[in-house]
Amino acid sequence: MSFELQPATAEDAADLADIFVLAMHKDAYWTNIIGKAAKSDETAYVLESMRADFSNQNAICRKVVDLETGKTVALGMLLTPLELPTFDKREFGVRIDKSTIVRPGPGWNNEADEARRKNLDTLAVRHGYDAEKHFMRYKTHVLPSYQRKGLGTLITEHFNSIADEAGRPTYARTRPKSTALFQKLGYRVVEAVPVDVPEYSERGDGTTDVFLMKREPGAPNLPE
Ligand SMILES: CC(C)(COP(=O)(O)OP(=O)(O)OC[C@H]1O[C@@H](n2cnc3c(N)ncnc32)[C@H](O)[C@@H]1OP(=O)(O)O)[C@@H](O)C(=O)NCCC(=O)NCCS
């Protein structure tokens with residue numbers, strides 16, 4: 001199989017939203033927020049969030065294409081420091097503010113979503129993240145049937161080289177499934193936060209962890 005990392009554009013938003021939903025299908029943290037909301041509502045919500053990413057000139061959006069099928073199979077996003085010049089030369093329309101995106105109706109776990117906004121959205125800031133100065137990784141998702149083939153590594157090494165060139169640290173909020181990938185590629189865990197996910201805990205104690213991770217510029221990969 002051969003793959004290529006390519007810039008993603010707003011036209012990819014629907015494909016990328018589908019990949020997100022499939023990749024996060026069994027993720028305890030995300031599933032708890034979705035609650036009992038309909039799949040179609042979840043997809044529509046994620047799609048709006050993707051559109052907001054594409055309207056943000058400080059977001060670098062990448063996709064991975066399977067060159068044999070032409071299918072997009074993975075995505076990754078990187079928020080660049082606001083004080084640095086824009087990296088991508090895309091055309092931008094009106095900026096969509098994510099906080100204005102209407103959440104899915106019946107079934108959505110508003111309480112968990114509020115807790116996410118209140119506690120976890122400020123986690124990185126509590127540990128020194130400054131949007132003016134630092135990079136932030138987000139939305140790293142690989143279609144389940146394409147996982148463990150090195151695509152998460154491909155995306156992460158690409159973004160690491162951008163941060164190295166700029167000489168700036170990168171933060172990421174990760175889940176248990178992705179922490180090893182980031183650790184292998186120069187990130188260290190800054191804080192692990194247990195989050196209540198009563199019905200979805202993968203370890204059976206009613207909680208799951210969200211990790212704040214940070215990579216200093218030039219940090220080496222762990223030895224093989
Ligand atoms: C996490 C994710 C992005 C990893 O992508 P990937 O393409 O499978 O990762 P790679 O093949 O490059 O794996 C690199 C290394 O990460 C680690 N890793 C990846 N998936 C892992 C898993 N499920 N369990 C444990 N370690 C894992 C391994 O050390 C792996 O190296 P190895 O295959 O040589 O052992 C992918 O599994 C995914 O999309 N998961 C669901 C969505 C998600 O959790 N996204 C992250 C949000 S922070």
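The legends below describe close-up views of a predicted model.

**View 1. Strand 5 and its two pairing partners.** Strand 5, which spans residues 170-174, has 4 of its 5 residues buried, so it is largely enclosed by the rest of the structure. Strand 4 (residues 135-142) runs parallel to strand 5 and is joined to it by 3 bridges, with arginine 137 standing opposite alanine 172 of strand 5. Strand 7 (residues 207-215), by contrast, runs antiparallel to strand 5, to which 5 bridges join it, and here arginine 173 stands opposite leucine 212 of strand 7.

**View 2. The largest nonpolar core and a separate one.** The largest nonpolar core has 26 residues, of which Leu16 and Ala74 touch the most other members. Two or more residues of this core come from each of helix 1 (13-23), helix 3 (39-54), strand 2 (59-66), strand 3 (71-79), strand 4 and helix 6, and helix 1 gives the most, with 6 residues. When residues up to four places away in sequence are left out, alanine 74 touches Ile19, Lys63, Val64, His141, Val142, Leu143, Tyr146, Leu151 and Ile155.

**View 3. The shell of residues around the ligand.** There are 20 residues around the ligand, and those that come nearest are Gln147, Gly152, Thr153, Ser178 and Leu181. Strand 4, helix 6 and helix 7 (176-184) each supply at least two residues of this shell, and helix 7 gives the most, with 5 residues. Sorted by class, the shell comprises 6 nonpolar, 8 polar and 6 charged residues.

View 4. Lysine 139, found in strand 4, has a positive phi of about 45 degrees although it is not a glycine. Lysine 139 counts as buried because it has 20 C-beta neighbours inside 10 Å, and a residue is buried if 20 or more other C-beta atoms lie within that distance. Arginine 148, placed in the loop between strand 4 and helix 6, likewise has a positive phi, near 60 degrees, in a residue other than glycine. With 9 C-beta neighbours inside 10 Å, arginine 148 counts as exposed, since the cut-off for an exposed residue is 12 or fewer.

Notes. Residues numbered from 1 in each chain as written. Predicted model: local features only at pLDDT ≥ 70, side-chain atom pairs only at ≥ 80, totals over all residues. Pairing = 2+ DSSP bridges. Core = buried A, V, L, I, M, F, W, Y, C linked by C-beta atoms within 7 Å. Contact = placed C-beta atoms within 7 Å. Near = placed C-beta within 6 Å. Nonpolar A, V, L, I, M, F, W, Y, C, P; charged D, E, K, R; others polar.
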